[in-house]
Amino acid sequence: MIAQNIGFWTIAIVMIVAALRVVTTNNVVHAALWLVVVLAGAAAQYILLAAEFVAITQVLVYIGAVMVLFLFGTMLTRARIGSESDLNNTYKKLGVPVAGLMFAAMVVALSSSFGKEKIPDSPKVISTQEVSDQIFGQYLLPFWALSFVLLAAVVGAIVLARKD
Amino acid sequence: MIGLLAEVPYWGQSLLRVLGGLVAVLLPAGTIVYIFLFKMMSFMQSRLGPMEAGPYGSMQLFAEVGKWLQKEDIVPDRADARIFKMAPIIVLVSTFLLVVVVPFGPDAFFTNFETGVFYALAVSSVSVLGILIAGWSSANKYSLLGGLRAAGQLIAYELPMVLAVMGVVIQAGTMNLQKIVVAQNSGSMFGIDVVGHPYVVSQFVGFIIFMIAIQAELTQAPFDMPIAESELVSGYMTEYSGFRFLIFFIGEFATAGVFAMIASVLFLGGWGVPFTWFGWTSIDDIANWMNFVGPLIMFTKMMLLVFIIMWIRFSYPRLREDQLQRFAWKGLIPVALANIMVTSILKVVF
């Protein structure tokens, strides 16, 4: 269990530093790349929790698709080399307390629901089949509802983007 | 490799795995470059190709590597130096991460991931990041255009690739590459089990889509707009020289090899021979010599598939950017979706 703890803290510290760099760096593309480090760290934490499928989904969806689209978008519109001074706007002062509040809410929510529980020494590896049985059995309705939301978003994007 | 090395201590296993990974990536890459890029392309163009270094120019590769390593590592003045230097390494690392799940024999594998195919598809998408930031950090409009083209193309063709693999996963009932190999070699077609049941037969549509998609993922002609030399100099690689160019170059052909290996595992039965030939019934019966013959069988199948990729590369002219996107979104993806539907209906019926 010691090895897992060392792994957890190493990855967690890397994630925190990277997350801070996302908001403090002076370049949009650098911020996006730091965000990639944070997301990869999250995937590594999932692996530590023996959640293989979630970890790989994290890499495929967030690093392989979302971040690439993000970089693609910024590079098409504005992505200068070197530092930019006008990246921070006036909402910065509002943002800090909101982020602090969010953090406090998360800590309270997590510690009140899982505070006493401990992860077993050898966590049970949940097979992908069990995950899919759950999604397509018990949680079928929410899954469908989510896919309709995504579909609506796609249709909305097309309606907004098309001129004719 | 895990099964073979059960008695070796953990550090020794790790070391051997790293060495095995280097061999599994670099050996195919070198062979592909020499046989296909140097010799086959030359013969198709009625010339001899490199002949000076070694017999039939077989040492040419070492001469080229030596040349590149000696060159100065140039970073353009206005470029974002750190990112510029990092980009080729991300591309090569994603190739090394990819080879980790490929099984080479009953006990000759690096990791026996339960979700192997899914992992391979996820990791292969990481190389897009490297290409994109290589284009951006060069501070060169040709590079940026090349990087953007590459990203658009790789995202567009990743979808048909994933969807084509889904047919195989439905048919095999598993995402583990090792089990997919076993399912193909222990299966039978219409009661005849002489050749097992390679999925290239029942998933022919999926196989074609997968091969077209990897042609595009590898940015080989006719899908080489990201490095279209007549329009973009050399796309995202324009500013690279010396060993960083070499890394991109190795990455390109090593990825070709690894993708061909994954294709041969998914559709051609991977390392296996049909189990009925030797009277095996499950993976535990397989004789130990398959751990040494298996990699050779894999290598042969990989060379066959890379031959097809290179053959198409040297034969067809480049598509136009809009044709490329239309082909992926309006051609391949609907066909791949229809393939999944038909496969799952047949799977339920039979």
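What percentage of the 350 residues in chain B is buried? Buried residues make up 47% of chain B. The legends below start from that chain in this predicted model.

**View 1. Chain B is built from helices.** Chain B has 13 helices and zero strands. Read along the sequence, its pattern is α-α-α-α-α-α-α-α-α-α-α-α-α. The radius of gyration of chain B is 21 Å, close to the 20 Å that the globule rule gives for 350 residues, so chain B is as compact as a globular protein of that length. Along its principal axes, the C-alpha trace spans about 65 × 50 × 45 Å. Take the contacts in chain B between residues at least 6 apart in sequence: 80% of them join residues at least 24 apart.

**View 2. Helix 11 of chain B in the largest nonpolar core.** This core has 118 residues. Helix 11 of chain B, residues 242–267, gives the largest share, with 16 residues. Which residues have the most contacts inside the core? They are Leu129(B) and Ala213(B).

**View 3. Leu129(B) and its contacts.** Here the view moves to one residue of that core, Leu129(B).

**View 4. Chain A meets chain B.** In this interface, 21 residues of chain A are in contact with 22 residues of chain B. Two elements of chain A each give two or more residues to its side: helix 2 (28–48) and helix 3 (52–77). Which helix gives the largest share? Helix 3 of chain A does, with 14 residues. By class, the side of chain A that touches chain B has 17 nonpolar, three polar and one charged residues.

**View 5. Two domains in chain A.** The domain assignment gives domain 1 of chain A as 1–82 + 116–126. Domain 2 of chain A covers 128–164. How many Å apart are the C-alpha centres of these two domains? They lie 24 Å apart.

**View 6. Confidence along chain B.** The mean pLDDT of chain B is 84. In this chain, 98% of residues reach 70 or more. Among the elements of chain B, helix 9 (residues 204–217) has the highest mean pLDDT, 90. Helix 10 (residues 229–232) has the lowest, 76. Where pLDDT is low, predicted coordinates should not be read in detail. The model as a whole scores ipTM 0.80 and pTM 0.86.

Notes:
Residues are numbered from 1 along each chain as its sequence is written. Chains are lettered from A and ligands numbered from 1 in the order in which they are written. This is a predicted model: local features need pLDDT of at least 70, side-chain atom pairs count only at pLDDT 80 or more; totals for chains, interfaces and linings use all residues. Two residues are in contact if their C-beta atoms, placed from the backbone, lie within 7 Å. Helices (H or I, at least four residues) and strands (E, at least two) are DSSP runs, numbered from the N terminus. Ala, Val, Leu, Ile, Met, Phe, Trp, Tyr, Cys and Pro count as nonpolar, Asp, Glu, Lys and Arg as charged, and the others, Gly among them, as polar. A nonpolar core is a set of buried Ala, Val, Leu, Ile, Met, Phe, Trp, Tyr and Cys residues joined through C-beta atoms within 7 Å. A residue is buried if 20 or more other C-beta atoms lie within 10 Å of its own, exposed if 12 or fewer, and partly exposed in between; C-beta atoms are placed from the backbone. Domain bounds come from an automatic or database domain assignment. The radius of gyration is taken over C-alpha atoms; the globule rule is 2.2 Å times the number of residues to the power 0.38. pLDDT is the predictor's confidence in each residue, from 0 to 100.
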